[in-house]
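Visitor: I am new to this structure and would like to know how its descriptions are reached. Please show it to me.

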Amino acid sequence: MEALAVRLSQLDSQAGGAIRVVMFYDTLMRRRVDLPALTRASAGLAECVTGIRLHGTGQAIRFGPDGKQVTGPPQPPSTSTPILLDDEEIGTCWLERHDTPRTLDDLLLDRLAIAAAAVVERYGPARTTMADPALVELAISAGTDEAARARALRLLGFAPGLRLHVAAVHTTLPLDQVGTAICPTRPVKAAPLAGVGAILATTLDPTRFPAGVRAGIGTASDPARAWHEARIALRFTTPRRPVTHHDDLGVVALLAHIPEAAARDNPDVTAVATLAPEDLETLDAYCATGSLRRAADLLHLHHSSVARRLDHLGRTLGLDLTTPTGLMRAHLALTTWRLLTTRGSGENAGHRRTQLQGLHPETDETGLSQQAL
């Protein structure tokens, strides 16, 4: 390679320089340098301040051409490029050149990004959020034996015996963005499973779910049970309550286990199913607040208008919504009707056969196939 670089430099100085840049980073990768050493060496080669930032930590590593670490806020980059690992952007690297950009700056940054991704994959501290769906499914499936589950979790980067939070999500956003948003500093893995996003994390902040995301959270000590809880909690989410923790459902979670035929035949549920969209919105606001005036505030209506709507709703449902019993029946009927409408549109978490272990759909303790809910 060195002989080739010399011959190319005699014919074309730019080609020879490019070969030398490639050789430079090949040498660094063979030496298994860490990120600070990689940044320091790159700054010397570029002859300007060079920086690396990983999204997982948010901290910038910057060195000057003199080999000293640079502190203070980064200057506007003259050139930058993303760091990709398994097609996921995990960070960025850049040059802070104050003079005219050089011909080989883009090549230098490309090689720096490749080397940085290799370092991260080898040492951390950040790893990709997206994971192999088959591996995630194996880790949270009820049909997996404990040895296979432990191996899957270990391959995903979770220490043995570590309690996990499991989230089931509906989102149009990339799952890695959701995962890093709710768990920015701890290990987190995500994968799509038959229309539902599965996120595994050592800890998560429910308040950090991006707008528009629906999420159910399970925290049972057994990952399979936590996933089951998360899928149930997801079915209880609403526009007003987009994130639902299974532990917060309490006895209401039992509604998810009512046979579909029995739920559809219930007169209260049947009556709710006939309501117009604006009546459903009014009933939802009233059930959520238990107060006519607070419901009016939530709906941005005058309380007299809400009172008229509730009177109409009471006659339609055959309930006195001003009594605790009537309000409770309306709330349960509305919730049950929502569960019926979500059945088959999102809770199919999938239990497909994987190459990691020959698994077949099992029936869990609810009597439902794992291909449903």
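**Terms set against values**

Guide: In helix 12, Glu278, Asp279, Thr282, Leu283 and Tyr286 meet Val306, Arg309, Leu310, His312, Leu313 and Leu317 of helix 14; contact means heavy atoms within 4.5 Å, and helices are DSSP runs of H or I with at least four residues, numbered from the N terminus. By class, this contact has six nonpolar, two polar and three charged residues. This is a predicted model, in which local features need pLDDT of at least 70 and side-chain atom pairs count only at pLDDT 80 or more, while totals for chains, interfaces and linings use all residues. Residues are numbered from 1 along each chain as its sequence is written, and side-chain values use heavy atoms, with hydrogens and water left out.

Visitor: Why are helix 12 and helix 14 called roughly perpendicular?

Guide: Their axes come within 10 Å and cross at roughly 100 degrees. Angles of 65 to 115 degrees count as roughly perpendicular, so helix 12 and helix 14 are given that term.

Visitor: What makes Ser141 count as buried?

Guide: Buried means under 20% relative accessible area, with a 1.4 Å probe and protein chains only. Ser141 has 4% relative accessibility, so Ser141 counts as buried. Ser141 lies in the loop between helix 5 (133-140) and helix 6 (146-156).

Visitor: Why is Ala159 called partly exposed?

Guide: Partly exposed lies between buried and exposed, the latter being over 50%. Ala159 has 45% relative accessibility and therefore counts as partly exposed. Ala159 and Thr202 are 43 residues apart in sequence and 9.7 Å apart in space, C-alpha to C-alpha.

Notes: Helices (H or I, at least four residues) and strands (E, at least two) are DSSP runs, numbered from the N terminus. Axes are lines fitted to C-alpha atoms, for helices over the stretch in contact, and angles run from 0 to 180 degrees between N-to-C directions. Angles under 35 degrees count as roughly parallel, over 145 as roughly antiparallel, 65 to 115 as roughly perpendicular and the rest as oblique. Ala, Val, Leu, Ile, Met, Phe, Trp, Tyr, Cys and Pro count as nonpolar, Asp, Glu, Lys and Arg as charged, and the others, Gly among them, as polar.
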